[in-house]
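Good morning, and thank you for the time.

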Amino acid sequence: MNDKKFQRLLIILGILVAVIIAVIIVTFGYKKDTKTKIGLIITGSIDDDGWNGVHYEGVKNACKDLDAKLLVKENVKEDKESCEKAINDLIKEGATMIILSSYEYPKLAKDAVQKNPDIAFYGISAEVYTKNMTSYFGRMYQARYLAGVLAGLKTENGNVGYVAAMPNVEVNRGINAFTLGVKSVNPDASVNVIWTGTWDDKDKEIKATKDLVNNKNVDVITCHQNQQNVVNEADRLGIYSIGYNEETKGLSDKYLTASVWDWENLYNQIIREFMQGKGNTVQRHWFGIETGVIKLSPYSAKVTDAEKAQIEQIKAEMLAGKNVFSGIIYDTEGKMRCNEGESISDEILLGKLDWYVDGVVMYEE
C-alpha cells in the first residue's frame, strides 16, 4: 500500500470514528430538556419564612409531583419595571406558564401579559383578568372566620388585635370575616386594626403588636403579614395569638392556631390544569375550605375540647353551604350591607370590599 492510499484510509477511518463518537454523544450523552417549564415570581427569597417560602415550597413540590421544571425569580420588587423584567427573563428561559404570587403583580404585569398571549399567566389578585391570565386564591376568609370564633371565645376583656399590611380587598376581606367570627360568639367584643403599610417589616410589626397590647389592652392578636413577627412578639408578651400563612413552631401554648394554606395542593391543581391543555379556560379559581387548600393548623393545649367542638360545628355548616358573609351585616358607619336571607356576592368580596363590618376599630395614636 503506497503512502497516498494509506493516508486516505486514515482519513476515512478518522471520519468514521468521528461519526461514531457523534452518534454516541447524541444517543447517550445529550438529552433534550422536554419538561414543561413553570415560572414563579416572588417578592422575597425562597428561603424566607412565611409567604414567599411557603409559595416556593408549594410550587416546587407540585412541579416535582407533575414532572415539570421550576424557574424562579426571587426578590422581585412590586413595581412595573421589575415585574416585567422578571416575566421577560422567564419567557427567554422557556417558561410557558408564569405564576405571579404577590397581590400587586397582576396589576403591574398587565401590559406584559397582554404582549405575550401564548404564555399562560396565573395571578394571585382577583381584580385583574385577561384572556391569558387566570386569578387564583383560596377562600381564606373562611379560616379567618373560624379563627375569629376562637378569638371571641378566648378574649377576657373583649379587646382583640389585628396587625395588617395595607387596606386592599384581600386584607379587608380577612379583617371583616375574622371580626364576624369574633362577634358571632362575643357580640360586645371589638377588633382593633393597626396598619403597618408593608407586607414585611419586622420592626413595624413588633411595634404594632406592642401598641395594641399596651394602648388597647388586647389579649388576643392575629395578623396579615408575610412573616411571623406578630405571633412571636405576642408570645414574648404572654398574650394569646393566632397566626397566618403557616404554622409557627417553638412557641408556647398561648399560640392557639393559625389560618394556613396548603399551597402544594393548590398549585398541583392549577399546574395540572395547564399541563392538560386547559390553562386560562376559567376567569378565576377560588378554592374553598372543602378543598383542603385553606384550614386551621392544629390547636394548642389551651384550646378546650368544647371550643374545638364549637369551631368544628361551624366548619361543618360551612361545608354544608353556610356563607360567612350572609345574614344581617352592618358596617362601621351603621349602614346595612347585607340583610336577612341575603349573601354578599363573590364579585363584591373579590373586587369591591372597601368597607369594614361593625366591630372593627381602626387604631389611632
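At what angle do helix α6 (residues 140–154) and α11 pack, and how far apart are their axes? The angle is about 155°, and the axes are 10 Å apart. That makes α6 roughly antiparallel to α11. Axes here are lines fitted to C-alpha atoms, for helices over the stretch in contact, with angles running from 0 to 180 degrees between N-to-C directions. Angles under 35 degrees count as roughly parallel, over 145 as roughly antiparallel, 65 to 115 as roughly perpendicular and the rest as oblique. Helices (H or I, at least four residues) and strands (E, at least two) are DSSP runs, numbered from the N terminus.

A word on the source: this is a predicted model, in which local features need pLDDT of at least 70 and side-chain atom pairs count only at pLDDT 80 or more, while totals for chains, interfaces and linings use all residues. Residues are numbered from 1 along each chain as its sequence is written, and side-chain values use heavy atoms, with hydrogens and water left out.

E233 counts as buried at 7% relative accessibility, whereas R236, at 55%, counts as exposed. The cut-offs are under 20% relative accessible area for buried, over 50% for exposed, and partly exposed in between (1.4 Å probe, protein chains only).

In helix α2 (residues 51–66), E57 and K60 are likewise three residues apart, and their closest N and O atoms lie 3.2 Å apart in a salt bridge. E57 is partly exposed at 33%, and K60 is partly exposed at 32%.

Which parts does the salt bridge between K73 and E93 tie together? The closest N and O atoms of K73 and E93 are 2.7 Å apart. K73 lies in strand β2 (residues 69–73) and E93 in the loop between α3 (80–92) and β3 (97–100), so the pair ties together parts that are 20 residues apart in sequence. Finally, K80, E84 and D111 are linked in a network of salt bridges.

Conventions: A salt bridge is a side-chain nitrogen of Lys or Arg within 4 Å of a carboxyl oxygen of Asp or Glu.
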